[in-house]
Amino acid sequence: MKLKVDHVTRYHYDHPVRGVVQSHRLIPSRFTGQRVQKWDVTVSGGIKGGGFRDGGGDWVQAWSVPGPVSEISVRVQGIVETKDLAGVLQRHREVIPPVAWLRPTAPTRVDAALADLGHSVSADDTLALAHALSGAVADAIAYRPGATHAHTTAAEALALGEGVCQDHAHALIACARVRDLPARYVSGYLFASEDDTPHEAAHAWAEIWVEGLGWVGFDPSNRCCPDERYIRLGAGADAREAAPIRGIARGNGLESLDVTVAVDAVQQ
Amino acid sequence: MTDFFNEMFDSGAVRVPYARLRDWMEEMPAELRSLKQAEAEALFRRIGITFAVYGEGGDPDRLIPFDMFPRVFSHDEWRRLERGIKQRARALNAFLSDVYDRGEIVRAGRIPDRLVYLNEAYEKPVAGIRPPKGVYSHIVGIDLVRTGPDQFYVLEDNCRTPSGVSYMLENREIMMRMFPELFRANRIEPVEGYPELLRRTLASVAPEKCRGEPTVVILTPGHFNSAYYEHSFLADLMGVELVEGQDLFVEGEHVWMRTTRGPERVDVIYRRIDDPFLDPLCFRPDSMLGIPGLMDVYRSGGVTIASAPGAGVADDKAIYCFVPEMVRFYLGEEPILENVPTWQCARHDDLKYVLEHLPELVVKEVHGSGGYGMLVGPKATKEQIEAFRLKLLDQPSNYIAQPTLALSTVPTFVEEGVAPRHVDLRPYCLVGERIELVPGGLTRVALTEGSLVVNSSQGGGVKDTWVLAE
Amino acid sequence: MLSRTAANLYWLARYMERAETAARFLQVGARIALVPNTGHGYRNEWDALLRAAGTADAFARKYGEPIQRNIESHLFFDHDNPSSVAACLRRARENGRIVRTALTAQVWDALNTAYQELRELERTPRGELSMVALTDWTTRTTALVRGAIDATQLRNDNYDFLHLGYHLERADNTARLLDVKYYVLLPQVEFVGSGLDNYQWMTLLRAMSAHRAFHWAYGGEVTAARIAHFLILNPQCPRALITCVEGMNAHLERLARGYGRRTPAQSAARRMLAKLAETEVEEIFDEGLHEFLSRFIDEVGALGQTVHDSYLSGDVR
């Protein structure tokens, strides 16, 4: 499938700030499932900084915007050709060993309820167990936009019984860890116009390490594994680590944010 | 436990390195001694080194007691130590470049993977990043104790930012001012080259993108930090700027320093702040001490950070047990310096042994420092031992245990005259393009009679450390 | 040099000068209070001084009535008052501690000794301290630090930023002190021949440690115009506004030469100096002394901001 992305993030500061630095994970991952045809990231008034491939295999690109500045827009435009690999992250090069992804972070910390949820399923092999965990998370946390916020933890979302893709991914990571399976958070895009379910085009899911297969993606929000509708950008231990854009402004300006994402299928 | 090695007197005879100190010691009248001691104290106060060593915290205006009786090594003793220290520093750095790359030592099954990769100090963000010249720990502080003429043990390694080097320099400065005759009578290797050596070491690991003479700075948490004096002292002697996080900013591919003439590029940052505070964009988002975006510049080769973020995984007390293994694995050599035999309470058999032998052992927290939260079996009461047993059973993996070592003694000026007191040693090994060690270090002394705890927070003092020239 | 280091040096000097000013305020206040009837009342005198020190409201909130002892506490010891001698000395020393390696041993020693002695004074029961002793100690201490700076500091940019701080603070303080007492320099019928105006003038000069100097400079009769000339336009007077502006201008020029780069600060200082140099004392009285001083205080403030933006803020390009 050929997917076209147009993703614009606008930052506004009520007082001009001294300067802004950003760290982007906005380049589609390199693996068998996707091939970039065209990709372009621009930052208004920005100076491109250093770039490097990190231990998780993602390309990280630094940007800075010298101040005083009160408006910044980051635009991502491109076309990617995708293939359905049933969620398997084939031929993705990375340095960090799977076991390192067993370390908890604040949003993915396991409480008693998450431990129970993690132990609530059983399966014959790891792949089946991972599927079962993803299903259990989808059952336990209903998809409801607006129910949670950016800093909600997996434990809080589970207690609430509602959440969005971020909460699903956090909860699945926590449950996987309960079963001693390395897991991580993935951010990317989703092309979702074929049915009417209102899923955001900026999407997130989880990957679980399955010995023999490698990293396999699971998307509890859509009860499936990532297929050709998905574009993978980068991974981290949680939403913050995997964020496509991380930034900090120096100065006292209060930040407001406006994001539009469009993912469309290109007519062949 | 009764026989301690006295570094000056061996079965009544004066050992060679101390030969010329005997007369000095015996001929110094008591009045002169107390006069000199007061003079030394006044000098310290005037210079203002009143800071805590080893991250012990405490009152920043407190003086650490200085004992005027020097600790002396012969040329040959030192050469052997030097070889051992350099060997260890090489192995520790090899380990760090390995575990942030392919992790061969883990794949070979020589170190358990979880001990490394689930360690608090292992930093995922620097995996796959090779720092300039492959050096992670540029200043390796190795804490040593001595139990016999030829027997040294490594107590612990410090790969992050070992402190206390300003004491090494100031102790020498003060001794030379007060007792010039001693320096005429003995041929003592100088240590004053350390700051320049440190500057050269740091300049030798400038990043790829640096053009021309590298700009080196020292990054301090700020003037409220208890080691601020050491930071400003070193910056001054090295002739580099002492900066706080707010003085630096990231733009484009570099880190810049805010100066009165505009931005000036910074190439090497000797940081005296911990990893979590370096960059709020990468680590703790609430850090006010760091520089947003620093880690991206670092990882793309725009700046060198010394020690490299993530270096702490090599000096963890649980990893410590494997350092001799690292020496064999990476260097194909036998370790020159021995580890203290260590029981890891996380292991079932070890825990069993430890619980049976508590009164003879020293039990330490894996992540503790400063001599707190530890049990010194032979000095503890029955109640203390029992209370510790409960803590140990509660969280065994939090503890390691070691035999109580018979720390050597060095003559020390005390109320009644001169008496033996227990000492340890921290030399500072510099790793850059080359590995260098100035002949000397910081000797800490337990001033209380019989005490084996040399930490300044618990009655420890410091001594000048001499290495005699050939 | 680091912008923050420059800022620390600049503020070190400003706080030292401010501490000295607080001590002078105490001296002049105590003297004025000795006069039975100033025509404005004891209370107004202190009020004027507290206003000049910028702390009148804070004082009223904390103490209410301006009783001599409270005023002394407030201006000397009070840490809630950012302009008190104690608060200024502490902050000067803290700024110095941060940049210790930029100071010579003598300067640090003078600064640190001042701090240790201050702690001693703070531990001494108030009954054992006379106001004269306290103000004398302060002026001696500040002179010692400044003397150490002049005698031992390298004449590099460190030195320039220290002196920019001293001159800027002094210009501001002199103008403020003049401004709260400007009315004594205006001709008032009821005082003529009473000797009272003369007395007030002398007190004002005393507050600037300038009463003896005035006589050396002018001799003869003391007149309002001569005092105004002395404190505003006479470059021989170390506290005159023109002397301070000359100092700022000189150190800014040195910086521009040293750095090979001019900033808006140089132009601003040069303009101020040129204007003052051409001003006649009559013009000042024509404009209105108060109006002139208010304008000057604003200009000094603006210059301070320009110095900050050009060197200290760290946003220099």
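This is a predicted model: local features need pLDDT of at least 70, side-chain atom pairs count only at pLDDT 80 or more; totals for chains, interfaces and linings use all residues.

Student: In chain A, what share of the contacts between residues at least 6 apart in sequence join residues at least 24 apart?
Tutor: The share is 73%. Two residues are in contact if their C-beta atoms, placed from the backbone, lie within 7 Å.

Student: How many helices and strands does chain A have?
Tutor: Chain A has 5 helices and 12 strands. These are DSSP runs: H or I of at least four residues for helices, E of at least two for strands, numbered from the N terminus.

Student: Why call chain A as compact as a globular protein of its length?
Tutor: Its radius of gyration is 18 Å, close to the 18 Å that the globule rule gives for 268 residues, so chain A is as compact as a globular protein of that length. The radius is taken over C-alpha atoms, and the rule is 2.2 Å times the number of residues to the power 0.38.

Student: Which residues have the most contacts inside the largest nonpolar core?
Tutor: They are A:A171, A:L172, A:Y185, A:A206, A:I208, B:L92 and C:L241, in a core of 277 residues. Helix α1 (residues 3–32) of chain C gives the most to this core, with 15 residues. A nonpolar core is a set of buried Ala, Val, Leu, Ile, Met, Phe, Trp, Tyr and Cys residues joined through C-beta atoms within 7 Å. Buried means 20 or more other C-beta atoms within 10 Å of the residue's own.

Student: What does A:A171 touch, leaving aside neighbours within four places in sequence?
Tutor: Its contacts include A:L114, A:V137 and A:I141.

Student: Switching to chain C. What are its domains?
Tutor: Domain 1 is 1–152 and domain 2 is 155–317. The bounds come from an automatic or database domain assignment. The two centres, taken over C-alpha atoms, are 20 Å apart.

Student: How many residues of each are in contact?
Tutor: 27 residues of domain 1 of chain C meet 27 residues of domain 2 of chain C. On the domain 1 side, α1(C) gives the most, with 18 residues.

Student: And the helix count for chain C?
Tutor: Chain C has 15 helices and 0 strands. Of its 317 residues, 47% count as buried.

Conventions
Residues are numbered from 1 along each chain as its sequence is written. Chains are lettered from A and ligands numbered from 1 in the order in which they are written. A residue is buried if 20 or more other C-beta atoms lie within 10 Å of its own, exposed if 12 or fewer, and partly exposed in between; C-beta atoms are placed from the backbone.
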